[in-house]
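Dear colleague,

I am handing over the structure below for your files. My notes on what was found in it follow directly after.

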Amino acid sequence: MVDSLLEERRRGLQTWLAIIAMHPVLGSSPMLVTFLSDKTPDHLFRMRVAFEKQVDEFSRLRTDVDLPLEDQEKLAASRDRLRKVLHSLHRLRKIFDEQAFRLEQQARDMAEVDLILQGLEVREVFGEKTFDEMSNSAQAVSKQSERYVQLQRNAINERIHVLMELLAAHNELCDRVEKGIFAEYQKALSKSLNISKIKMKSVIRGSGPDNVSTLAQREVAQCGEADALGRRCAFALHCVRSESSLAEKYLQSLPAILLAYASEESQYHSKMSKIWHRLVASESSKLC
């Protein structure tokens with residue numbers, strides 16, 4: 001495997017671990033802690049023995065569980081809010097990427113300036129050491145720009161990327177719940193209601209007892225299916241609520257990320273200023 005692919009997978013795994021560690025449920029799970037910290041040779045066997053009888057959250061859920069309409073409205077508002085934040089992060093990421101590209105171009109330009117000043121054509125006309133100070137400054141600017149680009153990508157862009165991954169996953173989860181289990185539950189409720197209407201019409205019209213009995217059986221079966229889907233739907237919405245809390249909690253790191261960006265920008269420009277001021281002072285003393 002090529003190094004670039006390995007690095008991409010490493011960064012993806014790092015992002016996944018960071019998100020999982022922040023999860024309100026998984027982050028404090030003994031199973032996760034054991035998985036990440038157990039260094040014994042037989043850790044897989046030890047994990048299986050320790051957790052094989054652990055019941056999952058859905059199995060522990062009450063049969064009559066429900067998610068109030070008020071909570072559903074809060075979830076919808078939270079989803080809309082997080083979607084807007086994701087759009088804003090896309091714009092921020094684009095700005096920072098464009099800035100990094102400009103700095104990379106500046107590093108290449110300064111490296112080329114150094115090559116020109118060190119070239120024979122210039123040295124033959126102006127002398128061997130005429131532009132040494134300028135050449136050294138161009139080298140320093142080039143290296144500093146390269147270093148800052150790498151630092152910005154690791155300390156700023158990577159952390160914003162984690163936030164974007166988290167919000168994108170949250171949006172995808174909401175879509176899956178809405179188009180999956182929630183849609184199935186609505187269909188089951190609609191079908192159950194239709195069967196009830198047909199049964200009522202049959203009773204009013206005086207249909208045979210066999211027909212009414214068959215409809216009653218279908219009604220019971222459909223109600224049972226709707227109840228089961230309702231329980232799964234409530235659990236899915238409960239999971240979305242947990243993931244929404246996680247996303248909003250993790251978003252609190254954005255001010256710190258932007259503050260780090262401002263700090264790095266300040267240090268970078270300060271170093272650039274020192275390089276050019278040193279050059280100007282040196283050249284001015286020679287002219288005097």
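In which helix is Leu6 found? Leu6 belongs to helix H1, which spans residues 3-22; helices here are DSSP runs of H or I with at least four residues, strands are runs of E with at least two, and both are numbered from the N terminus.

Before going further, please note that this is a predicted model, in which local features need pLDDT of at least 70 and side-chain atom pairs count only at pLDDT 80 or more, while totals for chains, interfaces and linings use all residues. Residues are numbered from 1 along each chain as its sequence is written, and side-chain values use heavy atoms, with hydrogens and water left out.

Overall composition

The chain has 10 helices and 0 strands, and its pattern along the sequence reads α-α-α-α-α-α-α-α-α-α. Of its 288 residues, 31% are buried; buried means under 20% relative accessible area, exposed means over 50%, and partly exposed lies in between, with a 1.4 Å probe and protein chains only. The accessible surface comes to about 19,200 Å², and carbon and sulfur atoms account for 58% of it. Such areas come from the Shrake-Rupley method with a 1.4 Å probe, and for residues only the protein chains shown count as cover. Among contacts (heavy atoms within 4.5 Å) with a separation of 6 or more, 81% join residues 24 or more positions apart.

The nonpolar cores

A nonpolar core is a set of buried Ala, Val, Leu, Ile, Met, Phe, Trp, Tyr and Cys residues joined through side-chain atoms within 4.5 Å. The largest one has 29 residues, and those with the most contacts inside it are Leu89, Ile156, Ile160, Leu163, Leu166, Leu167 and Leu251. Four helices each supply at least two residues of this core: H5 (69-118), H7 (132-179), H9 (209-250) and H10 (254-287). Helix H7 gives the most, with 11 residues. If neighbours within four places in sequence are left aside, Leu163 is in contact with Leu89, Tyr250, Leu251, Ser253, Leu254 and Ile257. Another core, of 12 residues, lies apart from the largest one, and Cys174, Val177, Ile181 and Leu229 are among its members.

Salt bridges

The structure holds 11 salt bridges, a salt bridge being a side-chain nitrogen of Lys or Arg within 4 Å of a carboxyl oxygen of Asp or Glu. In one of them, the side chains of Arg11 and Glu158 meet at 2.5 Å, N to O. This pair links distant parts of the chain, with Arg11 in helix H1 and Glu158 in helix H7, 147 residues apart. Arg11 is partly exposed, at a relative accessible area of 37%, whereas Glu158 is buried, at 15%.

Lys84 and Asp80 meet at 3.4 Å, N to O; they are separated by about one helical turn because they are 4 residues apart in helix H5. Lys84 is exposed, at 53% relative accessibility, and Asp80 is partly exposed, at 38%. Arg93 forms a salt bridge with Asp97, with 3.4 Å between the closest N and O atoms, and these two residues of helix H5 are also 4 residues apart, about one turn of the helix. Asp97 is partly exposed, with a relative accessible area of 33%.

Leu6 is partly exposed because its relative accessible area is 41%. Together with Met1, Val2 and Leu5, Leu6 makes a nonpolar surface patch of about 390 Å². Patches are made of residues with over 30% relative accessible area and no salt bridge, where like charges are joined within 9 Å and nonpolar side chains (Val, Leu, Ile, Met, Phe, Trp, Tyr) within 5 Å.

Asp38 lies in the loop between helix H2 (30-37) and helix H3 (43-51). Asp38 counts as buried because its relative accessibility is 17%. Its side chain makes a polar contact with the side chain of Thr40 at 2.7 Å; a polar contact is a pair of N or O atoms within 3.5 Å, where, within protein, one must be able to donate a hydrogen and the other to accept it, and residues adjacent in sequence count only if both atoms are side-chain atoms. Beyond its neighbours within four places in sequence, Asp38 is in contact with Val33, His43 and Arg46.

With kind regards
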